[in-house]
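Please look at the sequence and the structure before turning to the points below.

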Amino acid sequence: MVIGLAFIVILIAALWKVFTKAGEPGWACLVPFYNIIVLLKISGKPLWWIILFIIPFVNFIIAILVSIGLAKSFGKGAGFGIGLALLGFIFYPILAFGDARYQGPQG
């Protein structure tokens, strides 16, 4: 249980740092649905894509596309974006605490 809690704290801190690097408020990562809106904004995706997150199976594809957009916004490649989508617990801390700089939506 302690390990799980530590995992959650690290992920929250990483997402908070990613948001602040992009010029958004860090607390936004804690608010359900609003954090998706902010991720869409950072990734350069249209706001109406939030509807696609509600549709089963489509949400998986959209999450990958948003992750790739997020990676490109920080100057990383599509492979890093897929890593964000599939292994976020590893790649979000790398993005947050590494030397990546926010370059604007879609880099």
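The charged end of Lys76 sits over the ring of Phe80, at 5.4 Å from the ring centre. A charge is said to sit over a ring if NZ of Lys or CZ of Arg is within 6 Å of the ring centre and within 35 degrees of the ring normal. The model is predicted, and local features need pLDDT of at least 70, side-chain atom pairs count only at pLDDT 80 or more, and totals for chains, interfaces and linings use all residues. Residues are numbered from 1 along each chain as its sequence is written, and side-chain values use heavy atoms, with hydrogens and water left out.

- Phe80 belongs to the buried residues of helix α5 (residues 78–86), together with Gly81, Gly83 and Leu84. Helices (H or I, at least four residues) are DSSP runs, numbered from the N terminus. Buried means under 20% relative accessible area, exposed over 50%, and partly exposed in between (1.4 Å probe, protein chains only).
- Gly83, in helix α5, counts as buried because its relative accessibility is 9%.
- When neighbours within four places in sequence are left aside, Gly83 is in contact with Gly88 and Phe91. Contact means heavy atoms within 4.5 Å.
- Gly83 and Ile8 are 75 residues apart in sequence, and their C-alpha atoms are 18 Å apart in space.

- Ser67 is part of helix α4 (residues 58–73), and with a relative accessibility of 7% Ser67 counts as buried.
- Beyond its neighbours within four places in sequence, Ser67 is in contact with Gly81, Leu84 and Ala85.
- The largest pocket has a volume of about 290 Å³. Of the 14 residues that line the largest pocket, the closest to its centre are Leu39, Phe53, Ala63, Ser67 and Tyr92.
- Two or more residues of this lining come from each of the elements α2 (34–43), α4 and α5. Helix α4 gives the largest share of the lining, five residues.
- On a 1 Å grid over the protein atoms alone, a pocket is an open set of points where a 1.4 Å probe fits, with protein on both sides within 12 Å along at least five of seven lines; lining residues have an atom within 4 Å of a point. Grid points are joined across faces, edges and corners, and a volume is the space filled by probe spheres set on the points.

**Aromatic pairs**

- How many aromatic pairs does a search of the whole structure find? The search finds five.
- The rings of Trp27 and Tyr34 have their centres 5.8 Å apart and their planes at 15°, so this pair is stacked. Rings of Phe, Tyr and Trp (its six-membered ring) pair if their centres lie within 6.5 Å; planes under 30 degrees apart count as stacked, over 60 as edge-to-face and the rest as tilted.
- Trp27 counts as partly exposed at 47% relative accessibility, and Tyr34 counts as partly exposed at 30%.
- Trp48 and Trp49 form an edge-to-face pair, with 6.4 Å from centre to centre and 80° between the planes.
- Trp48 counts as exposed at 51% relative accessibility, whereas Trp49 counts as buried at 14%.

**Positive phi in two loops**

- Most residues other than glycine have a negative phi.
- Phe33 is not a glycine, yet Phe33 has a positive phi of about 70°. Phe33 lies in the loop between α1 (2–21) and α2 and counts as exposed at 59% relative accessibility.
- Phe57, also not a glycine, has a positive phi of about 70°. Phe57 is placed in the loop between α3 (49–52) and α4 and is exposed, with a relative accessible area of 75%.

**Lys21 and its contacts**

- Lys21 is found in helix α1. The C-alpha atoms of Lys21 and Phe97 are separated by 9.9 Å, and these residues are 76 residues apart along the chain.
- With neighbours within four places in sequence left aside, the contacts of Lys21 include Phe74, Leu95 and Tyr102.
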